[in-house]
There are 2 protein chains.
Amino acid sequence: MAKDLFSSHPPFTPPTSEEDRLSWLRLIRSPRVGPATFHRLMTEHGCAATALEVLPTLAKSAGVDTYQPCSHAAAEAEIDLARAKGARMLCLGTDAYPHTLASISDAPPVLWCIGKRAPILRPMVALVGARNASSLGTRMARALAEGLGHEGYTIVSGLARGVDAAAHHASLKTGTIAVMGGGVDVIYPTENSVLAAAISDQGLRLSEQPMSLHPQARHFPPRNRIIAGLALAVVVVEAAEKSGTLITVRDALDQGREIMAVPGHPVDGRAGGCNRLIREGATLVRHVEDVLEVLRRLQAEHEHPDKSGPDETHPAPQVAPDAPQLHRRILDLLGPSPVAEDQLIRDLSLSAAAISPALVMMEMQGIVRRHPGGLVSRS
Amino acid sequence: MAKDLFSSHPPFTPPTSEEDRLSWLRLIRSPRVGPATFHRLMTEHGCAATALEVLPTLAKSAGVDTYQPCSHAAAEAEIDLARAKGARMLCLGTDAYPHTLASISDAPPVLWCIGKRAPILRPMVALVGARNASSLGTRMARALAEGLGHEGYTIVSGLARGVDAAAHHASLKTGTIAVMGGGVDVIYPTENSVLAAAISDQGLRLSEQPMSLHPQARHFPPRNRIIAGLALAVVVVEAAEKSGTLITVRDALDQGREIMAVPGHPVDGRAGGCNRLIREGATLVRHVEDVLEVLRRLQAEHEHPDKSGPDETHPAPQVAPDAPQLHRRILDLLGPSPVAEDQLIRDLSLSAAAISPALVMMEMQGIVRRHPGGLVSRS
């Protein structure tokens with residue numbers, strides 16, 4: 001059931017030259033090309049340069065005549081800016097790219113990183129929670145981050161106020177990674193500037209977004225999938241019933257990550273999200289030992305994985321229908337609420353290989369939208 | 001799996017005359033006759049009067065030559081005292097006896113009750129927790145007791161300080177039952193005298209202990225099994241990691257009762273027991289609706305019970321060995337820590353009918369001790 005969190009590799013090779021890295025960056029920065037479409041195009045065309053050549057034709061056949069991929073110059077400018085800011089590029093499929101993150105279905109093809117390499121080499125735990133954390137909440141975040149750090153785990157969080165900041169502070173010495181919502185060089189919130197500088201000095205900051213991008217609300221859900229994707233498990237310290245923190249958790253669940261939560265008294269609104277998660281099956285966390293117990297189990301499972309093969313109960317895929325008919329059938333199944341692409345594949349009784357090109361085409365046409373966690377919806 | 005909580009009856013008839021009730025009282029008040037032995041003797045001999053006649057012979061064959069059953073006079077004195085205090089006797093197997101309690105393996109043969117009949121006729125929920133409850137804890141106990149009361153549930157608790165007292169107070173109008181550790185007429189702690197009077201006035205107090213018995217520490221575990229036994233489910237509001245409350249919970253688990261617990265922040269010592277229970281599978285309770293959800297499910301399961309028959313995977317019982325050999329085999333299996341009698345039966349691969357008389361004999365000899373929840377140990 002559990003995906004192997006440590007050794008997933010995409011079915012295409014990472015860039016081997018500067019030119020190839022530039023093509024990768026151009027491809028992922030091209031309009032309407034998100035991580036999922038990047039993966040499809042690479043799988044179909046083998047390398048980014050070929051995919052970039054095919055893109056305008058693909059767009060044209062999708063009815064978009066004016067399509068312009070990201071230009072050579074724009075990608076070069078981003079690379080120059082990154083160099084000036086001391087950021088280095090991490091490409092999916094390389095040994096330096098975190099293997100846990102590589103295992104998620106929409107792993108970022110390119111990450112910009114500022115800081116040390118060491119934190120990314122250790123097993124990681126995400127520690128997330130309320131921005132308006134109580135003093136109990138920040139104290140708990142500190143205690144967990146310190147305890148996990150001393151046991152050799154890197155703490156991953158989002159550099160937000162409250163729980164995130166407390167978790168980063170407490171793990172500066174042992175290993176901390178801040179996943180940024182905007183460009184890796186854009187500190188948000190600005191009150192965490194000193195902390196952000198300390199993290200790039202002693203830990204690591206990273207982002208899949210273009211350098212210098214100022215984060216907007218829509219950038220945080222994709223950012224949260226990276227926090228969860230890097231980690232073996234996600235620990236929620238405080239979270240209101242309706243909070244951004246719970247979005248990270250939903251992503252973590254989609255990615256098969258273990259969820260843990262620190263409970264609180266029901267009259268405390270900041271415990272609402274955590275208590276709900278526990279009711280829904282998250283492990284209740286009282287102290288660092290409860291987290292370590294889960295992490296040790298996950299690592300033991302990795303060492304002695306379940307020998308059962310992939311799920312083979314799905315009906316055999318049928319012959320693919322022609323494109324317009326398939327597009328119609330896909331649209332019939334989609335609504336404004338995102339559904340899992342896997343579900344779509346099952347509902348259509350077709351192979352992923354038949355459906356993927358259609359989805360790429362429909363995304364280029366702007367009639368289908370992709371969401372983190374392998375979800376798609378009507379635009 | 002779940003026992004039917006509503007319609008269990010012992011395999012012997014309740015007393016039908018005053019004389020018979022007196023015999024019941026004498027039998028359960030006789031030395032070394034606890035509820036489990038009472039059940040066995042009644043099952044074997046059909047009525048209490050015969051069991052009383054057999055007792056001295058049984059004791060003699062167990063090597064106790066000076067055995068004296070409870071005298072006629074002593075039992076009559078207890079009945080007179082009860083009458084004077086306004087207590088009435090409830091005998092196991094009568095319609096007035098609560099059916100949930102009748103379903104536990106060591107149901108009290110006789111209960112003394114002071115108060116109204118109504119609370120015992122409604123479905124019951126146990127609400128228990130810390131004596132040194134926080135103000136949040138007592139507030140939560142009140143809110144749950146009030147909410148459950150308004151939905152038609154009677155609240156069962158132990159008249160202790162803190163959570164118990166708050167739960168009784170809040171359910172005086174809707175239905176409350178205090179299960180006493182000592183005699184039903186002995187108020188402990190004395191600071192709850194006014195509350196105890198209000199309960200006998202508007203609710204119900206009950207006890208299996210002799211009238212006027214002053215409770216000691218050893219009386220509370222058997223009392224706790226009655227609290228759990230009366231209820232469909234047990235809700236724990238606050239409980240330290242090592243607390244008497246958790247004894248009630250262990251009994252409740254032995255009896256197949258649903259356990260629910262209100263979480264708290266891990267730094268709060270009074271949340272330790274509850275958080276542990278939740279980690280171990282208890283349902284996390286945030287508000288009355290969470291409790292009602294479980295109660296509705298339990299009642300629905302009662303209305304549509306699992307159709308599967310009793311577990312028939314046990315090996316067929318063998319022919320019973322002779323008594324000394326059986327006693328030796330039982331002693332070999334027992335230690336100072338109580339184990340389930342069911343386990344003993346399985347380990348010996350013998351029928352309950354073969355083992356029960358041996359256990360009665362060994363209890364009379366004082367070499368075996370019975371504990372609440374169908375447990376036995378070496379004395």
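This is a predicted model: local features need pLDDT of at least 70, side-chain atom pairs count only at pLDDT 80 or more; totals for chains, interfaces and linings use all residues.
Residues are numbered from 1 along each chain as written, chains are lettered from A and ligands numbered from 1 in written order, and side-chain values use heavy atoms, leaving out hydrogens and water.

**A:Arg370**
- A:Arg370 sits in strand β11 (residues 368–371) of chain A; strands are DSSP runs of E, at least two residues, numbered from the N terminus.
- With 16% relative accessibility, A:Arg370 counts as buried, meaning under 20% relative accessible area with a 1.4 Å probe, protein chains only.
- Its side chain makes polar contacts with those of A:Thr37, at 3.2 Å, and A:Glu341, at 3.1 Å. Such a contact is a pair of N or O atoms within 3.5 Å, one able to donate a hydrogen and the other to accept it; residues adjacent in sequence count only if both atoms are side-chain atoms.

**The cavity**
- The count comes to one cavity of 30 Å³ or more; a cavity is a set of points on a 1 Å grid over the protein atoms alone where a 1.4 Å probe fits but cannot get out.
- The largest cavity has a volume of about 60 Å³, the space filled by probe spheres set on the points.
- Its lining residues (an atom within 4 Å of a point) include A:Cys274 and B:His265.

**Strand β3 of chain B**
- Five of the five residues in β3 (residues 124–128) are buried.
- B:Met124, B:Ala126 and B:Val128 lie on one side, with B:Val125 and B:Leu127 on the other.

Methods: Helices (H or I, at least four residues) and strands (E, at least two) are DSSP runs, numbered from the N terminus. Buried means under 20% relative accessible area, exposed over 50%, partly exposed in between (1.4 Å probe, protein chains only). On a 1 Å grid over the protein atoms alone, a cavity is a set of points where a 1.4 Å probe fits but cannot get out, and a pocket is an open set with protein on both sides within 12 Å along at least five of seven lines; lining residues have an atom within 4 Å of a point.
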